Amino acid sequence: MKESERALGNHLYAKLVDFDANEHELPGIIDPDNCAAFIDQLIDSIRRVRYLSVMRSRPISIERSDPCSPLFDPLKAAELHQREGNLDEACWLVFLATHFGKSLSTGWRLPRDVYGGLQQGVIWDWNTVSNNTSEFESWIKNNYLTLAGADGVMRRFGNHRKYETLKPNKPKSPNKVISTYVEWIGPTKRHINLFQEAKRKTDADPRSVFSYLYRTMSSVASFGRTGRFDYLTMLGKMGLVSIEADSAYMHGATGPKSGGFLLFNGSKNIPLGIQELDALFLKLGEYLQVGPQAMQVMEDAICNWQKNPAKFVRFNG
């Protein structure tokens, strides 16, 4: 562990002790092993948020935006498009990265081959797909078996999207997901217009705008609590729109909720009300001073911690 992270760990420990004594008891980390593992998860989560800032500050090879290249990376591609002022393409690539995810076994291969149209001559960029959703639907119908591995190439959804499907006749099919995403962006098909509308209909505070977008994005097929939270927090971390989660959105959560019960009540089997749990997440996040995107840090750390409360296990996707 770096010296700076050791200092951060000491800071978090002192804050947790203080929170337990003065704000709300934290019986889930009375055990020293539990406490150490929880702090390590917080540090790891902070590190992942900071990674994007570091990535965005460095040179990026143009190959990262080329779906014909094995180096394709939708998040780095999004950053390249953002540098060129193409907000729509950047947001679209973040959406693809969120929906298909990065598989532990096959990396970005699935979003790469969807975006690149399996190298059949069409790139499903934002301009093409948003103006031709019916053609994209036909393409999925004709190619979903190949995407599923009929050509001998393994492609998998990422961990958060492991229950999604490529089958075109299902409610969660890619064509349904993407056509409802295009509808959510609105008739102008410009992300900036949706973001400006969100600011007009709120007080324009980044947390209020996040809340508005989170609510309205429920119209996108298969984007429940986790999908919307992951997508919108990524937009914020990538600097594509000034938003920050206003809560950990416990309604519909599974792992983070269990972790909250354990942390604040000492057992995954002793529940708390959703509103009370959300409020405690928010209070603890602010108390720990974990930096930007505090709710993402908290949600991510607690979700991973509750899987192995007494032993730190690094999240690998």
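Buried denotes a relative accessible area under 20%, exposed one over 50%, and partly exposed anything in between, with a 1.4 Å probe and protein chains only. Helices (H or I, at least four residues) and strands (E, at least two) are DSSP runs, numbered from the N terminus.

Leaving aside residues up to four places away in sequence, Y231 touches C91, V94, F95, T98, Y181, W184, H191, M217 and F223. Contact here stands for heavy atoms within 4.5 Å.

## Basis of the description

Residues are numbered from 1 along each chain as its sequence is written, and side-chain values use heavy atoms, with hydrogens and water left out. The model being predicted, local features need pLDDT of at least 70 and side-chain atom pairs count only at pLDDT 80 or more, while totals for chains, interfaces and linings use all residues.

## Packing of helices 4 and 9

Helix 4 (residues 87-100) and helix 9 (residues 191-200) pack at an angle of about 85°, and their axes are 8 Å apart. That angle makes helix 4 roughly perpendicular to helix 9. The axes are lines fitted to C-alpha atoms, for helices over the stretch in contact, and angles run from 0 to 180 degrees between N-to-C directions. Angles under 35 degrees count as roughly parallel, over 145 as roughly antiparallel, 65 to 115 as roughly perpendicular and the rest as oblique.

On the helix 4 side, L87, D88, C91 and W92 meet H191, I192 and F195 of helix 9. Of these residues, C91 and H191 are also among those touched by Y231.

## Helix 10 and its surroundings

Helix 10 spans residues 206-216, and its buried residues are V209, F210, S211, Y212, L213 and Y214. What covers them includes helix 8, helix 9 and helix 11 (225-237). At the start of helix 10, a side-chain oxygen of D205 reaches to within 2.9 Å of the backbone nitrogen of R207. A polar contact is a pair of N or O atoms within 3.5 Å; within protein, one must be able to donate a hydrogen and the other to accept it, and residues adjacent in sequence count only if both atoms are side-chain atoms.

T180 is placed in helix 8 (residues 174-185) and counts as buried, at 8% relative accessibility. A polar atom of the T180 side chain lies 2.9 Å from the backbone oxygen of V177. Not counting residues up to four places away in sequence, T180 touches S219, V220 and A221.

## Salt bridges

The structure holds 18 salt bridges, each a side-chain nitrogen of Lys or Arg within 4 Å of a carboxyl oxygen of Asp or Glu. One of them joins the side chains of R47 and D44 at 2.5 Å, N to O. R47 and D44 are three residues apart in helix 2 (residues 32-57), so about one helical turn separates them. R47 is partly exposed, with a relative accessible area of 30%, whereas D44 is buried at 2%.

The side chains of R48 and D300 meet in another salt bridge, at 2.4 Å, N to O. R48 lies in helix 2 and D300 in helix 14 (residues 294-305), so this pair ties together parts that are 252 residues apart in sequence. R48 is partly exposed at 25%, while D300 is buried at 15%. A further salt bridge links E137 and K141, whose closest N and O atoms are 3.5 Å apart. Both residues lie in helix 7 (residues 133-150), four residues apart, about one turn of the helix. E137 is partly exposed at 31% relative accessibility, and K141 is partly exposed at 46%. Salt bridges that share partners join E5, D44, R47, R48, D300 and R314 into one network.

## Exposed positions

R50 lies in helix 2 and is exposed, with a relative accessible area of 52%. R50 and K237 are 187 residues apart in sequence and 8.8 Å apart in space, C-alpha to C-alpha.

P70 is found in the loop between helix 2 and helix 3 (74-83), and at 70% relative accessibility P70 counts as exposed. From P70 to P187 the separation is 117 residues in sequence and 34 Å in space, C-alpha to C-alpha.
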